[in-house]
Amino acid sequence: MKFERELLKGIAPVVVLEILSRGRMYGYELSEAIEAKSQKILTLGQGTLYPLLYNLEAQKLVRGEWETAPSGRKRRYYSITSKGKEKLQADKIQLADLFKSLKLVFGTSLANI
Amino acid sequence: MRKEKEQFGFENLPDCAADYIRLVIKKMRWRKKARKDVQAELIAHFEDVLKDCKTIEEKEGTAKELISNFGDAKVLAVLARRAKKRCQPMWVKILIHSLQILGIIILYIAICAGYIGIGKPNISANYVEWLNDYVRGGRNESLNSAPMIKKAAEISIDEPNWLKESNASWPSDFNEIQLKELENWLAQNTEVLETLRNALKKPYYWNIYDTNESDFIKGGPFGSLMKSLSKQRMLARAMNWQVRYSAYKNNTEDAINDAISLCKFGHRMQGNGLLIEQLVGIAIEAVGYSTIFDILDKTTLSAEHLEKMQQFIQQEQDDTVIDIQAEKACLYDFIQRNFTDDGKGGGRPIRQGIGFAGKNLPDLIFNILTFNLPSKKEIIEKIDNIYDIYQRGFDVADMKNIEEQYNKTTQNESLLLQILTPALGKVATLSWRAKTDGDGLIATLVILRYYKQTGKYPDNLEELLNKGFIKRIPFDAFRNGPLTYRKTDTSFILYSFGEDFDDDGGAPSRWGTGKEGGDQVFWPVVHPAKKCK
């Protein structure tokens, strides 16, 4: 499903950090994982994924390392850093508050759409 | 093609995917390592997506779908570049920004340097030719003593080294061997001194400057002049010793005539040539005066001899005015060679002309960097104004006020003018020293004659004027008033205040420049050992 760009912009880094908090992954694996975990509701455009990863790396929230997979392919694996974990924790609290407030505003109508 | 694909890791990708990735990398325009990383990551991503495709067609179709999912290659490239840039460590970012700023500064400085370094001057005037016409002043060449003086200087024999280093002022100070050597040296220069005497029968002295090289600064007129002036100073020293030797041998008539020639020699060189010539002239004239003072001190002259010398010095004193127009021409030449020319008298400084752009180094740099450069017209006007003020300093005898005026004039001027103009001030001081020296000598000659004729010294200088011995009261430029005269028990004292502008009661010093000031004492004659306070 395609979300409004601005709506996705704030959520995407949290989603990536959350997925990576469960284990390190390379780019393709990560995009597949996001789709799978969100039951294909949340799909990051492939063109968005890599710049997003590079940005998170610049903020030292994730770390990328080249490794040769058992298949012989070289891949860049991304893992969450301790700083990333702290950020994720803080973002999750904010998201929870956001959902709570959205629920209050929309009431049951949000669930019925 | 296949080889190229293998080389860059595209061998497992369909052409459309390889082209897409290449385009992204090309548009990224960032560091090679970052581009290589992104390329490898995209290739791995495409390979992962395409790994389950069985046929080439299927691969092509899936790749196209993926490309469309990735979106516009340019947008991806830009986003990747921005993100990769953010990945740089802080020190690298600071370093890069610093280098960028430094680069901009260097570029700006290069532009400024180019602005002052590039530009064509318009050499329209030959100031050396102008100078030759100016110093000659339309006179006939047969009236010029300079060529004969130069000839005499060239063939003169240098004085012995021991004499150069000696402090002695009179032949009686030498031992027998030294006296013999002095006589030999003077004998070797007999023809030279005779040539000088004959030359000085001609009423004028003007140099003929070498026009082969018209650039003053490159040495045009100066090159040969400096060598020639040095020889002329040697010639003056020979004449100086000839005078002293003649007086010592009681050849009073010869001594007086040669002393007058020596003063003439120095006097003629002053006038309207280059300042360096005029300075040498002042120095030679001072040697002449000093020699006459020593003759007065060591010998007894008749009233006629005293009057003869007085008449001569008086005549010379009245027509001495230092002229700095030749020096100004030198500066004009410098300007025409170091300013561009816009054809309307304007233009900007280039090369050494930049010295006119600021009053000190920081100001100069600031003005260069802000392109705030003075125009040629502006600088010429300033030079004219400053030279007018300095010329007045040569014409008006008020040394104290002149110095203050000079300082005010140059205070806020450009670096180059600040460097050049104090030299003019110094010449003015020397010129007034020479004039005061001349007046001191006239006064001494007259007072001694007065004593010979009346048997007593005058009570004051006005008495000499009232009794017709002098036409005007001898003047002290460093007091802006009469020379200081007092009768003593057996003789008299006569002095100038000197450059400290105050009365130190006749304490001898070299023009008041001693630690505690002092005065320039003309009479009684102060010998070198006692001279400097």
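Biologist: Among contacts in chain A between residues at least 6 apart in sequence, what share joins residues at least 24 apart?

Modeller: For chain A that comes to 47%, with a contact meaning two C-beta atoms, placed from the backbone, within 7 Å. Bear in mind that this is a predicted model, where local features need pLDDT of at least 70 and side-chain atom pairs need 80 or more, while totals for chains, interfaces and linings use all residues. Residues are numbered from 1 along each chain as its sequence is written, and chains are lettered from A and ligands numbered from 1 in the order they are written.

Biologist: What's the figure for chain B?

Modeller: In chain B, 66% of the contacts between residues at least 6 apart join residues at least 24 apart.

Biologist: OK, sheets. In what order do the strands of chain A sit?

Modeller: They run β1-β3-β2 in an open, antiparallel sheet of three strands; strands pair if DSSP finds at least two bridges between them. On the edges are β1 (25–26) and β2 (62–68) of chain A, each with pairing on one side only.

Biologist: How many bridges hold β1(A) and β3(A) together?

Modeller: Two, with β3(A) covering residues 74–80. One to click on is Y26(A), whose bridge partner in β3(A) is Y77(A).

Biologist: Which strands make up the open sheet in chain B?

Modeller: That sheet has the order β3-β4-β5, again with antiparallel pairing. Its edge strands are β3 (484–487) and β5 (520–523) of chain B. On average, neighbouring strands there are turned by 25° against each other, ignoring direction. β4(B), residues 492–496, pairs with β5(B) over three bridges, and Y495(B) stands opposite V521(B) in β5(B).

Biologist: Switching to the interface: how many residues does each chain put into the contact?

Modeller: Chain A brings 16 residues and chain B brings 19. On the chain A side, α2 (27–37), α3 (46–58) and β3 each supply at least two residues. The most comes from α3(A), with eight.

Biologist: What does α3(A) meet over in α5(B)?

Modeller: G47(A), Y50(A), P51(A), Y54(A), N55(A) and A58(A) of α3(A) meet a set in α5(B) that includes V75(B), L76(B), L79(B) and A80(B). The axes of α3(A) and α5(B), residues 73–86, come within 7 Å and cross at roughly 10°, the axes being lines fitted to C-alpha atoms over the stretch in contact, with angles from 0 to 180 degrees between N-to-C directions. That makes the two helices roughly parallel (under 35 degrees; over 145 is roughly antiparallel, 65 to 115 roughly perpendicular, the rest oblique).

Biologist: And α8(B) with α11(B): at what angle do their axes cross?

Modeller: At roughly 170°, coming within 9 Å, for α8(B) at 146–155 and α11(B) at 190–199. So α8(B) is roughly antiparallel to α11(B). M148(B), I149(B), K151(B), A152(B) and I155(B) are the α8(B) residues meeting α11(B).

Biologist: Which residues of α11(B) are buried?

Modeller: V192(B), L196(B) and A199(B). Down the axis they fall within an arc of 65°, so they line one face of α11(B); the arc is taken over directions from the axis to the C-beta atoms. Turned away from that buried side are the exposed T190(B), E191(B) and E194(B).

Biologist: Last one: where is Q418(B)?

Modeller: Q418(B) is in α20(B), residues 415–454. Q418(B) counts as partly exposed because it has 15 C-beta neighbours inside 10 Å. Leaving out residues up to four places away in sequence, Q418(B) touches K359(B), T410(B) and E413(B). G355(B) is 63 residues from Q418(B) along the chain, and their C-alpha atoms are separated by 9.9 Å.

Terms used
Helix = DSSP H or I, 4+ residues; strand = E, 2+ residues; numbered from the N terminus. Buried ≥ 20, exposed ≤ 12 C-beta atoms within 10 Å, placed from the backbone.
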